[in-house]
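Dear colleague,

I am passing on the structure below, and after it you will find my notes on what came out of the analysis.

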Amino acid sequence: MDRKISRRDFLDGVAVTAGVAAAGGLLSGCAAGEWGGIHDKVVEPPDGWNYAGKGDPAYPPAMTALRGSTNPALRIPHELRDGIFWSGDRDVRSSGEHYDLVVVGAGISGLSAAYFYRQQHPGARILILDNHDDFGGHARRNEFHPDGKLIIGYGGSQSMEGPSVWSPVAKKLVADLGIEMKKFEKFYDQDFNKRWKLNDSEFFTRDLFSRDQLVVMEGDAQTAASMRNAPMSEAAKAAYLELQDKPKDYMPGLSDAQKKERLVGLTYREYLRDYAKMPEEVLNYLQTYTSDEWGFGIDAFGAIDSWALEYPGFDGLKLDRSKPYRYCGPTVQIQWNEDDPYIYHFPDGNNGICKLLVGQLIPGTGAPRTMEEEPLAKIDYSKLDVAGNDVRLRLNAPCVRVQHTGGDINSKTVDVNFFKDGKVYQCTAGGVVMACYNTMVPYLMQDLPSPQKQALFYGTKLPIVYAMVQLRNWRAWEKLKIYYTRFTSGDWVVAELDYPVSMGGYEFSRDPDQPVLVHMIRMATQPGYRNPRGGIGPGRRDLFNRPYAQFERSIRDQLARLLKDGGFDPATDIQGITVNRWGHGYALEYGRPWADFWPDGPLPSVEGRTPYGRVTIANSDSQNRAYADAAIDAAWRAVRELS
């Protein structure tokens, strides 16, 4: 494990975040109040505030090492959070610019807001500000070039999930961008796993069980045969297989309504422990079952949503499924009858949506004109912020203050301060859409009413890490007959082969001897909290305390343990890694039992997104759903509120 990895331009001990342990202390999480902490000092990252990864900054998608929310992107927001940015004398210079609209945040929601505003106001002048060195928010593109071959991956927002149940607004936007969902039926190789006889799998980890053990499933389910070598007692295996295949009525004597009401007050773990009477081995085995999709484990995920999603253990209750139960979470209700395949995926994930939006907003950037052009289209980042263009996208330019001119909420203009090249500039705008994280808005808008600030702080995001690991080949996966695995514990909860998408001249790996990307997911919300918000601050602090070397080692370790019987050697088979660190990742989706205000309200997301004069709020936080359609819907609402 300690041998040098024989590959070009790999990563070396860089920090996983700007907030790392320094001698004597840790940087707390980035939200306010009991869920994150108020701060009175900044802890210096050991790799320096200027470290943003490796590679050419002129083309961020091809940079490697620490990406996502890089140290430079976090420095000014952290200084604002810690109350030190405006300490001392700071000159604010006029940029001499006035825009019809300023958008704060260049993710899916921010770019969509600019697009919708231009639709309603042709010829409008728009400035989009972002603190990162790349656009897309979490919808980020990762590129690798082994032996001159282009391999494309994604560093965040993956796919257009459940497009059949998207709102008319979101459906129309992607259609206007030229995205034809039906074409993915051809672009996405839906027979890939069947052709190569690859299966779902689970990896029992030695810290929870007697030994490490890869258990290859039959299709997407465990069977007595597949579980034969699982390091569980025979009684625990039998208990789980009963839970999965022939669950009993674990709530005898209760009516349909009474059972559902009981489930509303339980987590999935509590239901399995207290009603299904599952042994501890089964509870440990299933702890990460919900982690990669929802951002936290079964100890915080609700039993009512677990029933709705048909997780193991509920068939015996014989509950009515003719319509969604009102206490189910928002996405569960929206997607109740949705059965779309999970194939609506550009090679770079939802960065494809963002690139097509850039193409509509800013001429001459090299952005794609069609969905087929998207994979190979290369953005010229020097053309994003050009004087004279109606729309300008200004990266590495964190917004630092938004205030109505003269401090008067009735003013027709808004003063927007931003930090660029070491100086603070001020431009003015007829309106502003805040498409940044909810928890950042109160620091930028000090005059917001206190109740609204608290509602915005409630929407602190779940911390996540997406790693893209570029392998020399995928022979080990083919030999073991797996494409996906869930780890029962460890730094990384999922390791999976990238999605087999070929389009527009870009080709996915065609055989096991060719290079491939492996996607690894770390959900950093700390377990042990019935309310997942309790685990956000500690999980983020733990995430921030880890130097990059520790993440590199854990990637190598978990892949080596997973693939050892396939002949995998991390020293020769790993050719590159990009770690996309998102201290603020998934928007927090409300769910019972912890969100006792759901669904009747008042909802923090609704209170937090209240328009304030000429300023409105658009982001997935404001919809409390971590999905592309939620970001688009939020943008549409925010632009309409400006009209």
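Cys399 is buried, with a relative accessible area of 8%, where buried stands for under 20% relative accessible area, exposed for over 50% and partly exposed for what lies in between (1.4 Å probe, protein chains only). Cys399 takes part in no disulfide, and the nearest cysteine sulfur, that of Cys436, lies 7.2 Å away, a disulfide being a pair of cysteine sulfur atoms within 2.5 Å. By this rule the count is zero disulfides. Cys328 is buried as well, its relative accessible area being 0%.

This is a predicted model, in which local features need pLDDT of at least 70 and side-chain atom pairs count only at pLDDT 80 or more, while totals for chains, interfaces and linings use all residues. Residues are numbered from 1 along each chain as its sequence is written, and side-chain values use heavy atoms, with hydrogens and water left out.

Helix H2 (residues 108-120) and helix H13 (residues 351-361) have axes that come within 10 Å and cross at roughly 30°; helices are DSSP runs (H or I, at least four residues) numbered from the N terminus, and axes are lines fitted to C-alpha atoms over the stretch in contact, with angles from 0 to 180 degrees between N-to-C directions. H2 and H13 are therefore roughly parallel to each other, a label for angles under 35 degrees. The contact (heavy atoms within 4.5 Å) involves residues including Ile108 and Tyr115 of H2 and Cys354 and Leu361 of H13.

Finally, Leu543 lies in helix H17 (residues 532-544) and is buried, with a relative accessible area of 0%.

Best regards

Conventions. Helices (H or I, at least four residues) and strands (E, at least two) are DSSP runs, numbered from the N terminus. Angles under 35 degrees count as roughly parallel, over 145 as roughly antiparallel, 65 to 115 as roughly perpendicular and the rest as oblique.
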